[in-house]
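I opened this notebook to keep track of what I looked up, entry by entry.

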Amino acid sequence: INAEYGAQYPYKVGTGIYDITGPAAEIGMMGYAMVNQHTAGLHFRLRARAFIVEDISTSVRTVYVSIDTCFCSQALKLTVIPRLQQKYGTLYTVENVMISGTHTHSGPAGYSWYPLYDITSFGFHEKNFETIVNGIVNAITRAHNNVVPGRILVNVGLLDSPLSNINRSPTAYLNNPAEERAQWPWDVDKLITVLRFEDNTGNELGSITFFAVHGTSMNNTNTLISGDNKGYASLMFEKLKNGADTLPGKGSFVAAFGQSNEGDVTPNVKGAFCENGDPCEVAHSTCGGTSQGCHGYGPGVDDFQSTKIIGSQQLNKGLDLYNTAKIPLSGDVAFRHTYVDMEHVTVTPPFSKLPYNVSTCVGALGDSFAAGTTDGPGDFDFRQGTNSSKANPFWNFIASHVLAKPPEDQINCSFPKPILLYTGGIDFPVRWTAAILPLQVFRWGQFYLVAVPGEFTTMSGRRLRASVQKVLLARGMWTPDSVIVIAGLANTYSHYITTPEEYQVQRYEGASTLYGPYTLPAYQQEYSKLVDSLVSGTPYPPGPNPPDISDDTFDFQPGVLVDEPGFGYSFGDVVVQPLAKYAVGDLVTVVFVSANPRNDFRTEDTFLTVELLQSDGSWKVVYDDGNWETKYKWARSCDILPAPVCPESHATIEWDTTGAAPGTYRIQHFGNSKDLIGEITAFSGVSKSFIVA
């Protein structure tokens, strides 16, 4: 009986979720690197979603965490692990905990120790960083406390709708060999993989859905914190399973929509167009010779609708695969992890595809990095597809003479990438990008999860999966039910990974491939060795430890000076009341006297509630700021003083009543003000009641 039970329920599983929403005002957003894109409110909250899988027979335990951030920085991973070990000893380590970012571009920045990723947000933001760290730790803690015997079902399908994803650098993709491209009907991955978590009574615990698409449905003018399309899909999956009456983040069912090899994959499926409506020039993504006017457009009439459409594509297919999943995972739980100095990897002929060894390069970004992408064009006179520094002599001179000049051997190593930023050579206050990177693989039975510290393009991901499969075949571990999935933007961030052929074209992704043209072959080689160790059961060397540069960060963002309600007002007063009556589907808007939301992020709480009057006269909260239907917008409101020193502010609360039950409602706002001596005081305000019918 025990053997039969163990075969049917071979694992212990646990799920957990926690709020990681950072400052909703005046902090640069992470992703587009736009200096003027600062948070100014909240559409819906960001979450960490944790999944524990333990082998019931060996007690080997692993943790996968999906976080609604642009990526998982090395700083986050290296801070989370000691916090966990303070609670649980050596149960959780860098080796068996995997943290992957969803790649939303609409979250506050400042959570990396490496300066390159903190420049446009004016530094490292300790409070935001700590919020994310604590959220990850608490999500894992909740999963730890929820561990029960159970099983995992897997299902793989195709999300081949034209509204799901397209390639934003098709000319680079076309540089891959024709015979390789002929194996695939699409120039993006349409594979979608779903894991269904159940306990031993069949109770549904959670799901993970993997699909490759950028978190750029919200464009670079957005200022509201948002989980973008994957965040929307998670929110709606959890709402469906936990019940419409359960507020976001409060239910027991946890649904992650994990990132994969999305490097060249955009959700802006209409394509790229100039402001006059003409298609952009394809090779360089320009309009009139410059990149600034070339933008990709999503399927909706605005960013919010596009986010919903792309999120719904993943949600609906994910639900279909979840509901029809029948293949249980069976077999060992195992993991392998190592650190590799990616700037000094010798790549041998089986992987270099050359009759001699080649090497990776010191980290560097090319001219086309500064051109941006069709999801978010760059500034100045940079264009994608630039393979000569002569195109931008001024900026190349400034970068090489003021920051760091690459030596001749590295110029040759990175060729044909013209080096704009020699990030591995810039050392103030510390080097700008990482050299020592984590490589990690999980095995859950016949399911293999490959954590990559960057953004693999479509074909790069396919080649890496093929390399892993080759090892499994050689070891007799590949079965018809085996599945290999790439977990992108995991454990640290090192920009992009293109194929050597794509690298030659020097689109944005190629220019952002830090370690030169043989970066992908180096990864294929190193992951092949790691997977071989995993399935053969042999130990693997830990590799060189990454440096601790936590004491070398900078922060030039001024703090909150003081909040004032304005003459004749108190915090929480209503400036604009709702109308007396609305039809279902109308937008309700209420404006409150408020204070800077940086004073308190209201973690696991809310800046707003929409409340429905009950028959006994009480008020029931039916929406908060984690819901899709609400928006919290914050702005300073002085008539004379400029924004940086204006102490007065308003909060605008919007509620889309589409789908709301008829009844009598009111809206509350919650905040925290800071006085002249730095004391933080909570306040609230409530609107007049109104009818929705």
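**Entry 1: around Thr 266**

I began with a polar contact, and found the backbone nitrogen of Asn 268 at 3.0 Å from a polar atom of the side chain of Thr 266. I note here that I am working with a predicted model. Looking up where the residue sits, I found Thr 266 in strand β12, which covers residues 265–266. Is Thr 266 buried or exposed? Its relative accessibility is 2%, so I wrote Thr 266 down as buried. Leaving aside residues up to four places away in sequence, I listed what Thr 266 touches, and the list includes Asn 165, Ile 166, Asn 167 and Arg 168, as well as Val 213, His 214, Thr 216 and Asp 375.

**Entry 2: the chain as a whole**

I then stepped back to the protein chain, which has 14 helices and 37 strands. Its radius of gyration is 25 Å, close to the 26 Å that the globule rule gives for 693 residues, so I recorded the chain as being as compact as a globular protein of that length. Taken along the principal axes, the C-alpha atoms fill a box of roughly 80 × 75 × 50 Å. I also looked up burial, and 61% of the 693 residues count as buried. Among the contacts with a separation of 6 or more, 76% are between residues 24 or more positions apart. The accessible surface comes to about 25,100 Å², and 55% of it belongs to carbon and sulfur atoms.

**Entry 3: salt bridges**

How many salt bridges does the count come to? I found 31 salt bridges, and I followed a few of them in detail. Asp 19 forms one with Arg 45, with the closest N and O atoms 2.8 Å apart. This pair links distant parts of the chain, since Asp 19 is in strand β1 (residues 11–19) and Arg 45 is in the loop between β3 and β4, 26 residues apart. Asp 19 is buried, with a relative accessible area of 0%, and Arg 45 is buried too, at 3%.

Next I looked at Glu 238 and Arg 49, whose closest N and O atoms are 2.7 Å apart in a salt bridge. Glu 238 lies in helix α6 (residues 228–242) and Arg 49 in strand β4, so this pair ties together parts that are 189 residues apart in sequence. Glu 238 counts as buried at 6% relative accessibility, and Arg 49 is buried with a relative accessible area of 3%.

The side chains of Arg 443 and Asp 332 meet in a further salt bridge, at 3.9 Å from N to O. Because Arg 443 lies in strand β23 and Asp 332 in the loop between β15 and β16, the pair ties together parts that are 111 residues apart in sequence. Here I noted a contrast in burial: Arg 443 is buried at 13% relative accessible area, whereas Asp 332 counts as partly exposed at 42%. I also found Arg 151, Arg 196, Glu 198, Glu 204 and Lys 241 joined into one network by salt bridges that share partners.

**Entry 4: a nonpolar patch**

Last, I turned to the surface, where Val 35, Phe 122 and Phe 556 form a nonpolar patch with about 310 Å² of accessible area together. I looked up Phe 556 separately and found it in the loop between α14 (519–536) and β28 (574–576). Its relative accessibility is 63%, so Phe 556 counts as exposed.

Methods:
Residues numbered from 1 in each chain as written. Predicted model: local features only at pLDDT ≥ 70, side-chain atom pairs only at ≥ 80, totals over all residues. Heavy atoms only, no water. Helix = DSSP H or I, 4+ residues; strand = E, 2+ residues; numbered from the N terminus. Buried < 20%, exposed > 50% of the residue type's maximum accessible area, 1.4 Å probe, protein only. Polar contact = N/O pair within 3.5 Å; in protein donor to acceptor, adjacent residues only side chain to side chain. Contact = heavy atoms within 4.5 Å. Patch = residues over 30% accessible without salt bridge, like charges linked within 9 Å, V, L, I, M, F, W, Y side chains within 5 Å. Areas by Shrake-Rupley, 256 points an atom, 1.4 Å probe, with all protein chains shown as cover. Salt bridge = Lys/Arg side-chain N within 4 Å of Asp/Glu carboxyl O. Rg over C-alpha atoms; globule rule 2.2 N^0.38 Å.
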